[in-house]
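I opened the model to look up a few things about its fold and some single residues. The entries below follow the order in which I went through them.

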Amino acid sequence: MLLTKTIVMNPGPQRASGMPEQILQFEVSVTALACFERQGDINARLSSQSSAMEGIRGHQAVQANRPAGYQRERSVNLCLKQDQYELRIRGRADGYQPMDHGQQSLLPRVEEIKTTRLAVQEIPDLLKAQHNRQLALYGYLLCLENSCEQIELQLTYFNLDDLSQNCSCQVYSLEVLQTLFDDILSPYLHWLQTRISWIKDRNQSIAVNDFPFPAFRRGQRELATSVYRTINQQRQLVLQAPTGLGKTLATLFPAIKSMATTPLEKVFFLTAKTAGQHSAEQAVSAMQNNGAKIRGVTISSKSRTCFNPDLPCDPQYCRYASGYYQRLSPALAELRKSTEHQSKRLVEATARQYTVCPFELALDSARDADVVIADYNYLFEPAVRLKRFFEDQKGDYAALIDEAHNLVERGREMFSASIEKNQLLKILNRLKSDHLVLAKRLQAVNRSLLGLKRSHPQLTEKPVGFPLDKLKSLKAKMTLFCQAMEDHLDDFVLNQNGALDLYFDFHRFLRIYEQADQRYVAILNWTKTAKTLKLFCIDPGTRLQEGFKRLNSAVCFSATMTPKRYFSGLLGLTQEASWQQVPSPFPVENLGVLIASYIPVTFRARRHALLPLVQLIHQVIHAHRGNYLVYFPSLQFLGQVSEAYARQFPEENRVVQHNLMDDHDSQQFLARFSETGQVTGFAVIGGRFSEGIDLVGNRLIGAIIIGTGLPQINSERDFIKDYYQEGGAGFEMAYQLPGMNRILQTAGRVIRGERDKGLICLVDPRFTEPRYRQLMPEHWPVDVVSTPSALRSSMSRFWSKVERDGSMAVPSSEMQG
């Protein structure tokens, strides 16, 4: 092997500033290298044996019993140099016992510890082989570092249930370890050479690649420049830019361009909704069609892409899991041949062709990708995040966080967990006949829940919150049930009855419990219809910060990233993060903003608001005929007004959002809004039609937004309010700011291009209050109307001016993905 080996005792920064530009640097962990060329099947049973905290405690229990001089978490580094690249291999051996020079016969020993709930003989041979490869790599690196000719390799399996240890120890010579090292490294180097060749071709194409449209929109170049500078400086940036500017392309284009001039390895475009992923796919495709040689893949959720959703992810039941790793290489080779973006459709077609799991294929294809499009949770959520990229330490990655205002609420969801008593009882009744041990363990969990209920007699009135330390007994009972379930994970009939789902719910609950701190509250809700216990994350900032630390740079962008006091802490960004607001490039006269202050729509006032709202909606849409969307604070209120409107104006062309809509229904809903149409849509604030949709030109000329968008009053919101009340910002942080965020996103549906013209009508007297007015964009030309007559006059002035200015249609050449 024509490589120069350099042992790095105290490695410096991964990227040396004085390094020649043609030298590419790569880094791989010992763990990743050991499992690079895996064999066998996908088996979910083997990936759910213990939580991270249990694994840590198991390691600590073993390490605590080792002799003096034993070094825990021993770092190892090796730098392999060649003309074209440098490869750094790094890792941490669980334990290392140096040679004791007072005992000449004693060899140094390296130990790898694996926690399990299986008997050692039940661990698959292929998995054991992977563990031994990892141990051999540590042994080789430590031999080189310490100039040893021999070393003892010890593999220890620690059983989490009975606390037993199974240790196997063998002496290896440096010569044998060298051979093992070369064999393990060889397939990785083959892939690396292919990757280097691709990177060089990619960078050459990117360097000469221009913006994929004839010109930037106004404001796009400024935004793109800020993103490019942020990635080059390895910083964090928060961007607020108006809807319709083309933020997706204006962030992806400079991020991809920076690959040619920086060490950036991958760009992760992370979204909260499928619509954002589609926009990113279109942007990547536009650059590919313009000559950029880039590979992109979209990772869809397992539930959306699984070919056998009713079967366990187990080789005994699913043919796409059985022998997966034997068929993976040709499937990846097929995807690499493609010149188009690896969308969900392309990945699934390839998976069927080669009989492999489509979800796992997308994950494995990400290794070859330059751009990865995925949901937020693939970076931030511990159980879901892409461990091959984000597990060990920071990588040369940049993340573009689309519609980042959603990250706060999504963070609360990702870092919270709950269990439901009614579900527990259903499973308990199914277990009593054939699985007495499981039933007994689950009954103990049920009794613990009942004990919590008895200690809070006020539960009949409203949910109660309490510190997490009161859950210690429940946690112990849930752990015992999960341990008992480990022996039944391959019982298909049992798991068809819901036991496996309950096991995973418990597993998630326990994992969240281990990581929870003072930013959490336990909420017990006990009604006739629902009896739940939830670990609720009030402030997700610290947990989100863990994800951002795994990146070199991050750009969070949205049309609504103010006020800074709300987002700065909750997003988990550093204090050094830059905040930038891109002013609206669209002519102010293209937008009319009215506040109809004469119709109160608070919850108590809604019964009396039905008829005035029906009249207002009719008045607005008939002031200038075209397509409109009317947004409501809830589906219930939407239904009431929609029915009243239909009774009074049955001839009107309406389309109404309902609570069972899927993606197909949504497409049909939006298809009703044509360039020449006259349709009125009824939708929900904060719902699927309030952001992420592009109805440009005459497809939408107005929006009526009813209410201030306040989240529904509930116990979780009230606990958020209590958490921030000490600083006097309780209601603001829990209700007002999230609500106004929804309003601004919803209003952004109207102006989507430079020639779009339209009207926004806000219906609620609270919009006139300073606390709301100060949150509205500075460029909004707000006109407060206090009567139907004033509304009619204001709309007449606006539309008359629009008609004098000419057509509202937007040429298709101006539209970007």
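**Entries on loops, a helix and one aspartate**

I started at E403, which lies in the loop between β12 (397-401) and α14 (407-414). Helices (H or I, at least four residues) and strands (E, at least two) are DSSP runs, numbered from the N terminus. E403 has a positive phi of about 45° although it is not a glycine. With 16% relative accessibility, E403 counts as buried. The classes I used are buried for under 20% relative accessible area, exposed for over 50% and partly exposed in between (1.4 Å probe, protein chains only).

Before going on I noted the ground rules: this is a predicted model, where local features need pLDDT of at least 70, side-chain atom pairs count only at pLDDT 80 or more, and totals for chains, interfaces and linings use all residues. Residues are numbered from 1 along each chain as its sequence is written, and side-chain values use heavy atoms, with hydrogens and water left out.

**Confidence**

I looked up pLDDT, the predictor's confidence in each residue, from 0 to 100. Its mean over the chain is 89, and 94% of the residues reach 70 or more. Over residues 1-20 the pLDDT is below 50, and this stretch has 41 contacts in the model beyond near neighbours in sequence. Contact means heavy atoms within 4.5 Å. Residues 808-815 also stay under 50, and the model has 22 contacts for them beyond four places in sequence. Where pLDDT is low, the predicted coordinates should not be read in detail.

**Whole chain**

I counted 28 helices and 25 strands in the chain. The radius of gyration is 30 Å, close to the 28 Å that the globule rule gives for 817 residues, so the chain is as compact as a globular protein of that length. That radius is taken over C-alpha atoms, and the rule is 2.2 Å times the number of residues to the power 0.38. The C-alpha trace spans about 100 × 70 × 50 Å along its principal axes. Buried residues make up 55% of the 817. Of the contacts between residues at least 6 apart in sequence, 78% join residues at least 24 apart.

**Backbone exceptions**

Most residues other than glycine have a negative phi, and most peptide bonds are trans. I found a cis peptide bond from T562 to P563, with omega near 0°. P563 lies in the loop between β17 (553-558) and α21 (564-570). S147, in the loop between α3 (125-146) and β6 (150-159), has a positive phi near 55° and is not a glycine. S147 is exposed, with a relative accessible area of 65%.

**Helix α11**

How many residues of helix α11 (residues 358-365) are buried? Eight of the eight are, so the helix is largely enclosed by the rest of the structure.

**D718**

I ended at D718 in helix α25 (residues 715-725). D718 counts as partly exposed, at 27% relative accessibility. Apart from neighbours within four places in sequence, D718 is in contact with I713 and Y735. Its side chain makes a polar contact with the side chain of Y735 (2.9 Å). A polar contact is a pair of N or O atoms within 3.5 Å; within protein, one must be able to donate a hydrogen and the other to accept it, and residues adjacent in sequence count only if both atoms are side-chain atoms. The C-alpha atoms of D718 and N289, 429 residues apart along the chain, are separated by 50 Å.
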